[in-house]
Amino acid sequence: MRETLVLNASFEPLSTVSLHRAVVLVMQDKAVVEQAHSGLRFRAAQVDIPVPQVIRLCRYVRVPFRQRAPWSRRGVLVRDRHRCAYCGRRAATVDHVVPKSHGGADSWLNTVAACSEDNQRKADRTPEQAGMRLLAQPFEPTPADALLLALGVRDRAALPEWLARTA
Ligand SMILES: [Zn+2]
């Protein structure tokens with residue numbers, strides 16, 4: 001599902017919406033397209049606009065809606081910058097700190113990026129049981145990070161400069 005980032009009139013990131021909702025906002029003149037997926041056009045009867053990646057509201061919204069990121073394996077890897085929580089090397093798998101078989105949840109605070117070696121070594125055990133130590137504690141992404149995750153942006157450096165400043 002393609003998500004579109006919504007900026008306030010002041011350029012502050014507010015939330016993400018579905019592509020459909022973003023197109024409706026632009027068609028109703030409630031928002032303008034700030035950044036589009038290059039080459040992609042949204043075409044329907046009477047409509048032909050670039051597929052928006054970022055839209056900006058035409059009127060300032062006073063109550064910002066703070067979005068919490070839904071948990072996902074991809075999100076954990078992005079949050080941890082693809083670094084293993086146990087050894088710091090490149091990670092491609094997600095480890096449940098408290099294993100699911102021990103009642104551990106699919107949640108931001110119970111999952112970390114892990115290299116496949118450490119993931120296999122830890123297996124169905126807690127870090128204490130496995131004699132392994134977390135280099136850093138897992139955390140809930142900030143609202144700004146949540147927006148980037150929803151957009152599938154791995155790295156702030158990939159954002160346009162004006163957006164990287166606010167995110
Ligand atoms: Zn590792």
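Two strands pair if DSSP finds at least two bridges between them. Helices (H or I, at least four residues) and strands (E, at least two) are DSSP runs, numbered from the N terminus. This is a predicted model, so local features need pLDDT of at least 70 and side-chain atom pairs count only at pLDDT 80 or more, while totals for chains, interfaces and linings use all residues. Residues are numbered from 1 along each chain as its sequence is written, and side-chain values use heavy atoms, with hydrogens and water left out.

Stop 1: Select β3 (31–44) and β4 (47–57). They run antiparallel, joined by 9 bridges; look for alanine 36 opposite proline 52 in β4. At their hairpin, 2 residues sit between the strands, and glutamine 46 takes a positive phi near 70°.

Zoom out: the 4 strands make an open, mixed sheet in the order β2-β1-β4-β3. At the edges are β2 (13–18) and β3, each pairing on one side only.

**Stop 2: the helix across it.** Select α1 (residues 19–27), which lies across β1, β2, β3 and β4 and runs at about 95° to β4. Contact means heavy atoms within 4.5 Å. For the angle, axes are lines fitted to C-alpha atoms (for helices over the stretch in contact), and angles run from 0 to 180 degrees between N-to-C directions.

**Stop 3: the zinc.** Which residues coordinate the zinc ion? Select Cys84 (SG), Cys87 (SG), Cys115 (SG) and Asp118 (OD), at 1.9 to 2.3 Å. Donors are N, O and S atoms within 2.8 Å of the metal (3.2 Å for Na, K and Ca); water is not among the atoms, so sites may look incomplete. The 4 donor atoms subtend angles of 104 to 116°, so the arrangement is tetrahedral (four donors, all angles between 85 and 135 degrees).

Color by accessibility next: cysteine 87 is partly exposed at 31%, aspartate 118 is buried at 5%, and cysteine 115 is buried at 7%.

Methods. Four donors count as tetrahedral if all angles lie between 85 and 135 degrees; four count as square planar and six as octahedral if opposite donors are over 155 degrees apart and all others between 65 and 115; anything else is irregular. Buried means under 20% relative accessible area, exposed over 50%, partly exposed in between (1.4 Å probe, protein chains only).
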